[in-house]
Amino acid sequence: MLSGGDAPEACNVPNDAVQPTAEDHRLAAELATRTGALLVELRRKHRFDPADPGADDELRRSGDRLAHEFLASELAEARPDDAVLSEEAPDDRRRLDHRRVWIIDPLDGTKQYGEPGRTDWGVHVALAVDGAPTVGAVALPAKGITLSTAEPPTLAPWPPGGDRPGTRQQVITSRSRPIPDGQAVAAALGANLVTLGSVGAKVAEVIAGRAVAYVHAGGQSEWDSAAPVAVALACGLHASRLDGRPLRYNRPDVELPDLLICRPEVAAAALAATAARAATAAG
């Protein structure tokens, strides 16, 4: 279990009653995949019209609503004693009294979902136990992929590109928020800086070896990263705050504004780059 000082106080519940089971891992993967299938079908029926962007906004709203209602209903039936934190529902603060909290982003990358041809959107389903992201599934429905802790994916071989001369690494940052930290890490690693949508899609690129790091700062919430971080940790990637602190979940404040997910081989160099940039900014 990850350590950290800002997790809520644990309830007096026996450990064997809260630790994740194989069924929890399977449930996360199944729910993410089934939700993704519903979103694909909804999108398939939509008629994209460049002359009527309002119709695409309605698709985004419908997708958010459909995915949340399905996940909330399924979790209430399958895990009635657990709490749920969802992007698409009011924050029920009673979750702070629970050691097991499902953290869901029913449609991550809503903007991309409403753009024809985009595949960088997904569904995130995670379970945090005592603040640690122990279970997670990231469905990328437009690609027909679900990455999960039920069967953690195997990292691509290192180094990326093998021995091909001239191969440059890639560092990913947010499509909407390219950041100085990402630029600093890319420079330190001699990498290209690229942008992408959904957090889950970014982590999938690192797992597949098409990127070595994902760097973010400037605003996210727990539901954005909980499932991708769980999957990243399960398959051996480094995942932390930009200053190296562990990522903690089910806190009173759901904002989790920065993170670094990267190959373990470049973690020290990436953290050194973000530390140097922070020191320069402070000075």
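This is a predicted model: local features need pLDDT of at least 70, side-chain atom pairs count only at pLDDT 80 or more; totals for chains, interfaces and linings use all residues.
**Aromatic pairs.** I started with ring pairs, counting Phe, Tyr and Trp (its six-membered ring) whenever ring centres lie within 6.5 Å. By this rule I get one aromatic pair. The rings are those of Tyr113 and Trp121, with centres 4.8 Å apart and planes at 75 degrees, so I log the pair as edge-to-face. For the labels, planes under 30 degrees apart are stacked, over 60 edge-to-face, and the rest tilted. Next I checked burial, where buried means under 20% relative accessible area, exposed over 50% and partly exposed in between (1.4 Å probe, protein chains only). Tyr113 is buried at 0%, and Trp121 is buried at 0% too.

**Ground rules.** Residues are numbered from 1 along each chain as its sequence is written, and side-chain values use heavy atoms, with hydrogens and water left out.

**The sheet.** I took helices (H or I, at least four residues) and strands (E, at least two) as DSSP runs, numbered from the N terminus. Two strands pair if DSSP finds at least two bridges between them. What order do the five strands of the open sheet take? I read E1-E2-E3-E4-E5, with mixed pairing. Strand E1 (83–86) and strand E5 (145–148) are the edges, each pairing on one side only. The twist averages 15 degrees from one strand to the next.

I then zoomed in on E4 (residues 132–140), which pairs with E5 in the antiparallel sense over four bridges. Val138 sits opposite Leu147 in E5. The E4 and E5 hairpin has four residues between its strands, and there Gly144 takes a positive phi near 70 degrees.

**Helices on the sheet.** Contact here is heavy atoms within 4.5 Å. Axes are lines fitted to C-alpha atoms, for helices over the stretch in contact, and angles run from 0 to 180 degrees between N-to-C directions. Helix H5 (residues 199–208) packs on the sheet and touches strand E2 (100–108), strand E3 (122–129), E4 and E5. The direction of H5 makes about 95 degrees with that of E4. Helix H6 (residues 222–234) also packs on the sheet, touching E1, E2, E3, E4 and E5, at about 100 degrees to E4.

**Helix H2.** H2 (residues 53–78) has 26 residues and reaches 38 Å from first C-alpha to last, close to the expected 38 Å. That expectation is 1.5 Å times one less than the number of residues. I listed the buried residues of H2, among them Leu59, Arg60, Asp64, His68, Phe70 and Leu71. Their cover includes helix H1 (22–45), E1, E2, helix H3 (110–113) and E3.

Thr35 is in helix H1 and is buried at 1%. Which residues does Thr35 contact, leaving aside its neighbours within four places in sequence? I found Ala67, Phe70, Leu71, Pro106 and Val123. Glu23, also placed in helix H1, is partly exposed at 37%. From Glu23 to Ala267 I get 32 Å, C-alpha to C-alpha, across 244 residues of sequence.

**Cysteines.** A disulfide needs a pair of cysteine sulfur atoms within 2.5 Å, and I count zero. Cys235 is buried at 11%, and Cys262 is buried at 0%.
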